[in-house]
Amino acid sequence: MSSYEELFEAVKKRGRAIKHVPPGFLSEQVCITAVKQFGYAIRYIPKELLSEQVMLEAVKKSGRAIKYIPKELLSKEVCTAAVKQNGYAIKYCIQELLSEEICLEAVKQNGRALEFIPKELLSEEICTAAVKQIGFALKFIPKELLSEQVYTAAVKQNGFAIKYIPKELLSEKVMLEAVKKCGCAIKYIPKEFLSEQVIFAAIKQDELAIENIPLSSRSEQLFIEAMKQNIKVYRFIPLEFQQQFVKQFSIAKKLESDTECLITNELIGESGYYICCSVKSDHIISFDSWCRLDLKQQKKCCYCKGNLIEEIFCNS
């Protein structure tokens with residue numbers, strides 16, 4: 001095997017090895033082989049050997065390798081290939097070569113690339129594509145370019161993107177989309193904008209959302225309705241509401257007194273759960289998924305996972 005062949009095999013296995021190749025052995029074929037294996041190997045290639053093909057192969061492998069290409073050698077084709085591989089590569093493209101097509105390709109690959117696009121090239125289509133890829137790209141969009149289409153797409157991708165929407169642009173539709181995606185995004189909605197529909201949608205998506213609801217809005221009725229949306233809300237019901245809550249549901253069967261538990265004859269919403277409470281204090285102990293009781297025939301057994309009640313057969 002000749003020295004050239006050995007060097008060729010070396011860069012084929014490890015592209016960065018091209019930095020050790022003597023200038024006399026460098027050829028376009030060697031350069032292409034190196035950047036195909038390791039895009040950033042282009043930094044070790046002399047300017048006079050940077051052909052269009054070498055540059056294209058380098059950025060197709062590693063889009064951000066474009067930063068090692070001299071600006072005067074860049075072309076629209078190289079920029080397009082680079083942003084398709086890594087949207088952030090647009091940061092290193094010269095503005096004269098940028099087009100709406102290149103910008104669109106960049107944000108489709110990485111929405112955060114929007115940060116590096118000149119304002120005069122931004123359009124609703126580009127902004128929408130960016131937030132569809134990553135909702136938080138909304139923070140890079142000038143207020144004058146915000147539209148319902150843009151911020152609705154943003155919160156559908158990430159509910160927390162709602163924090164970047166100006167208060168005066170919030171609508172019921174956008175707030176609902178945000179909390180349906182991320183219940184806890186409700187923390188970024190001004191309390192004067194909160195409606196029951198938004199609150200219940202947030203809780204349905206994530207019971208922890210109730211912690212971000214203003215205390216003034218946490219009524220007994222809210223907890224009852226919230227339970228129907230998400231059974232896990234019971235963890236946040238204050239003791240002062242628990243007795244009233246238990247009374248909202250008629251008692252079906254008091255089990256043996258030594259269990260100190262009772263169950264109710266209503267499913268909580270459509271969740272398939274029954275209530276399990278302390279007989280002595282009417283405080284909620286847990287909600288669990290029981291075997292469905294035929295309350296008229298009372299023949300099936302009920303079982304609590306929390307070991308408060310083991311298998312107990314109801315009397316007819």
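**Terms for the views.** A residue counts as exposed when its relative accessible area is over 50%, as buried when that area is under 20%, and as partly exposed in between. The close-ups below all come from a predicted model.

**View 1. Glu 168 and Lys 143 meet in a salt bridge.** Glu 168, with a relative accessible area of 54%, is exposed, because that value is over the 50% cut-off. The side chain of Glu 168 pairs with that of Lys 143 at an N to O distance of 2.5 Å. The two partners come from distant parts of the chain, 25 residues apart, with Lys 143 in the loop between α6 (124–133) and α7 (148–157) and Glu 168 in the loop between α7 and α8 (172–181).

**View 2. Lys 167 forms a salt bridge with Glu 192.** The side chains of Lys 167 and Glu 192 meet at 2.7 Å, N to O. This pair, too, links distant parts of the chain, since Lys 167 lies in the loop between α7 and α8 whereas Glu 192 lies in the loop between α8 and α9 (196–205), 25 residues apart. Lys 167 has a relative accessible area of 45% and is therefore classed as partly exposed.

**View 3. Glu 72 and Lys 47 are joined by a salt bridge.** In this pair the closest N and O atoms are 2.5 Å apart. Glu 72 is exposed, with a relative accessible area of 54%, while Lys 47, at 45%, counts as partly exposed. The search of the whole structure finds four salt bridges, among them the pair shown here.

**View 4. A patch of positive charge gathers on the surface.** The patch is formed by Arg 14, Arg 16, Lys 19, Arg 43, Lys 67 and Lys 91. One of these residues, Lys 67, is placed in the loop between α3 (52–61) and α4 (76–85), and with a relative accessible area of 41% Lys 67 is partly exposed.

**View 5. Cys 79 and the cysteine sulfur nearest to it, that of Cys 93, form no disulfide.** A search of the whole structure finds zero disulfides. The sulfur of Cys 93 is 3.4 Å away from that of Cys 79, and a disulfide would require the two sulfur atoms to be within 2.5 Å. Cys 79 is buried, with a relative accessible area of 0%, and Cys 127 likewise counts as buried at 0% relative accessibility.

Terms used
Residues numbered from 1 in each chain as written. Predicted model: local features only at pLDDT ≥ 70, side-chain atom pairs only at ≥ 80, totals over all residues. Heavy atoms only, no water. Patch = residues over 30% accessible without salt bridge, like charges linked within 9 Å, V, L, I, M, F, W, Y side chains within 5 Å. Areas by Shrake-Rupley, 256 points an atom, 1.4 Å probe, with all protein chains shown as cover. Lys, Arg positive; Asp, Glu negative; His and termini not counted. Charge placed at Lys NZ, Arg CZ, Asp CG, Glu CD. Helix = DSSP H or I, 4+ residues; strand = E, 2+ residues; numbered from the N terminus. Buried < 20%, exposed > 50% of the residue type's maximum accessible area, 1.4 Å probe, protein only.
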